[in-house]
Amino acid sequence: MYNLTDRNIVLGVTGSIAVYKAVDLASKLTQARAVLNTIMTPEASKFVAPITFQGVSGRRPYWDMWDANNDLAEAHIALARQAELLVIAPATATVIARLALGLAEEMVSLTALATRAPLIVCPALDSQMFEHPATQEHLDTLRSRGIQIVGPEEGRLASGQVGRGRLSEVDTIIGWIRHVLGKDGDLAGKKVVVTAGGTHEAIDPVRFVGNSSSGKMGFALAEAARDRGANVVLVSGPSALPDPVAVEIVRVRRAAEMRDAVIAGCADADILIMAAAVADYQPAETVRDKIKRRQSETLSIPLVPTPDILAEVGVRAGLIKVGFAAESQDLLENARQKIEAKHLDLIVANDITASDAGFATDNNRVVILDRGGRKEELPLMPKYDVAWHILDRIVSLLAGKKSQPEA
Ligand code: PMT
């Protein structure tokens with residue numbers, strides 16, 4: 001959660017039953033070490049007592065703009081100036097209208113009018129209110145001012161009806177917060193192509209050659225690159241993970257499809273990171289009908305190599321290529337061979353014999369090797385943190401390339 005550390009975020013909470021999710025949002029942002037101030041409308045304080053936000057964020061919320069005991073002289077102006085980002089979640093139809101019209105009737109709309117920080121608005125309202133032309137026009141007005149609207153989502157609403165009006169999930173809102181706060185990061189203006197997951201090479205209509213890669217490592221890399229300001233294209237094999245926020249995702253099945261998507265993405269990319277566990281072999285042909293089981297017979301399936309994607313991308317000046325090496329023996333030796341054979345700038349060696357790291361785990365333990373033989377051993381840590389370390393190394397390579405005279 002590095003790009004949230006010490007960032008000054010103001011959370012505006014308005015009167016909707018979805019306020020309970022805002023408590024979770026406040027808690028997660030605080031755990032990510034953001035400096036979180038909460039402001040509430042009087043209606044929001046009827047759904048959840050302000051002290052709840054104090055409990056999770058460690059800071060007293062502001063909800064009464066007439067409170068003479070506020071520790072900030074003019075709370076809305078002080079918070080508006082300090083804020084690096086104002087997030088309004090949940091945002092009711094009334095508050096959306098106030099924002100569009102510039103009405104400053106309570107702490108949330110008042111602060112929104114006073115701040116020059118970016119604004120994220122996460123509507124939560126009944127679907128009929130959401131669809132009403134008045135609300136739609138107000139949302140269009142907010143979008144035209146560059147305000148990021150997140151959601152609402154489709155689903156069951158407080159009225160018992162199913163429709164579009166639910167507050168987005170907390171992790172989705174946090175994804176947008178990280179993206180907006182990361183826009184000026186050290187990868188701003190760079191295009192990064194990341195691959196994730198395994199590939200499925202079809203044997204027949206129901207069976208495939210594949211592996212247990214979950215996509216977690218590649219998705220973490222895509223999110224971390226986004227959080228540092230990059231434009232990210234994520235090419236993923238089959239994975240149950242949801243699309244990351246503010247990342248262009250291309251979902252593929254086979255190695256050949258992944259190759260096509262990677263080559264297309266790399267035409268104008270600055271960085272390629274291949275975290276995918278691409279199947280090394282595919283059936284020589286895919287059988288059209290499901291293969292029948294016959295008790296007395298063994299079954300042999302001829303396999304041929306899949307395209308070597310890293311090799312096919314080739315070497316291009318200005319493209320940094322990073323590979324992974326998943327090894328169960330001779331980790332460093334095999335990784336060193338791959339850095340040469342695949343013409344990589346860095347390789348991330350992944351010992352897959354440990355049960356707490358590698359495939360389908362939340363954490364990873366890797367060694368990063370460069371062409372000069374330098375190695376950096378990272379202890380077990382969440383895959384997002386591993387991704388951040390790998391990107392640190394890539395940023396250093398970019399800085400080195402910039403300082404080198406043109407050939
Ligand atoms: O998805 P997770 O569950 O989070 O698991 C993450 C991971 C363990 C899959 C990941 O961290 C990892 O190690 N990925 C690389 C796995 C792998 O296929 O390694 P390899 O040594 O077989 O391949 C070396 C490199 O060549 C890799 O960058 C691979 O993407 C690339 N490759 C492989 C085969 C192929 N046909 N084309 C390629 O470009």
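A charge sits over a ring if NZ of Lys or CZ of Arg is within 6 Å of the ring centre and within 35 degrees of the ring normal. By that rule, the charged end of arginine 228 sits over the ring of tryptophan 388, 4.6 Å from the ring centre.

This is a predicted model: local features need pLDDT of at least 70, side-chain atom pairs count only at pLDDT 80 or more, and totals for chains, interfaces and linings use all residues. Residues are numbered from 1 along each chain as its sequence is written, and side-chain values use heavy atoms, with hydrogens and water left out.

**Rings in helix 14**

Tyrosine 384 has a charge over its ring too: the charged end of arginine 178 sits 4.4 Å from the ring centre. Tyrosine 384 and tryptophan 388 both lie in helix 14 (residues 383-403), 4 residues apart, about one turn of the helix. Helices (H or I, at least four residues) and strands (E, at least two) are DSSP runs, numbered from the N terminus.

A search of the whole structure finds 1 aromatic pair. Tyrosine 384 and tryptophan 388 form that pair, which is tilted, at 5.9 Å centre to centre with 35 degrees between the planes. Rings of Phe, Tyr and Trp (its six-membered ring) pair if their centres lie within 6.5 Å; planes under 30 degrees apart count as stacked, over 60 as edge-to-face and the rest as tilted.

Tyrosine 384 is buried, at 10% relative accessible area. Tryptophan 388 is buried as well, at 12%. Buried means under 20% relative accessible area, exposed over 50%, partly exposed in between (1.4 Å probe, protein chains only).

**Two domains**

The domain assignment gives domain 1 (2-181) and domain 2 (191-403). Such bounds come from an automatic or database domain assignment. The C-alpha centres of the two domains lie 38 Å apart. The contact (heavy atoms within 4.5 Å) takes 7 residues from domain 1 and 9 residues from domain 2.

Domain 1 and domain 2 bury about 790 Å² between them, 60% of it on carbon and sulfur atoms. Buried area is the accessible area (1.4 Å probe) that two parts lose on being put together, summed over both. Tyr2, Arg178 and His179 supply 69% of the area that domain 1 buries against domain 2, more than any other three residues.

**Strand 8**

In strand 8 (residues 191-196), 6 of the 6 residues are buried, so the strand is largely enclosed by the rest of the structure. Lys191, Val193 and Thr195 point one way, and Val192, Val194 and Ala196 the other way. In a regular strand the side chains alternate between the two faces of the sheet.

Strand 8 pairs in the parallel sense with two strands (pairing needs at least two DSSP bridges).

| Partner of strand 8 | Bridges | Bridge partners |
|---|---|---|
| Strand 11 (residues 231-236) | 6 bridges | Valine 194 and leucine 234 |

**Backbone exceptions**

Most residues other than glycine have a negative phi, and most peptide bonds are trans. The peptide bond from alanine 89 to proline 90 is cis, with omega near -5 degrees. Proline 90 is in strand 3 (residues 85-91). The bond from glycine 151 to proline 152 is cis, with omega near 0 degrees. Proline 152 lies in the loop between strand 5 (148-149) and strand 6 (153-156).

Arginine 33 has a positive phi of about 70 degrees. Arginine 33 is in the loop between helix 1 (19-31) and strand 2 (35-40), and is exposed at 54% relative accessible area.
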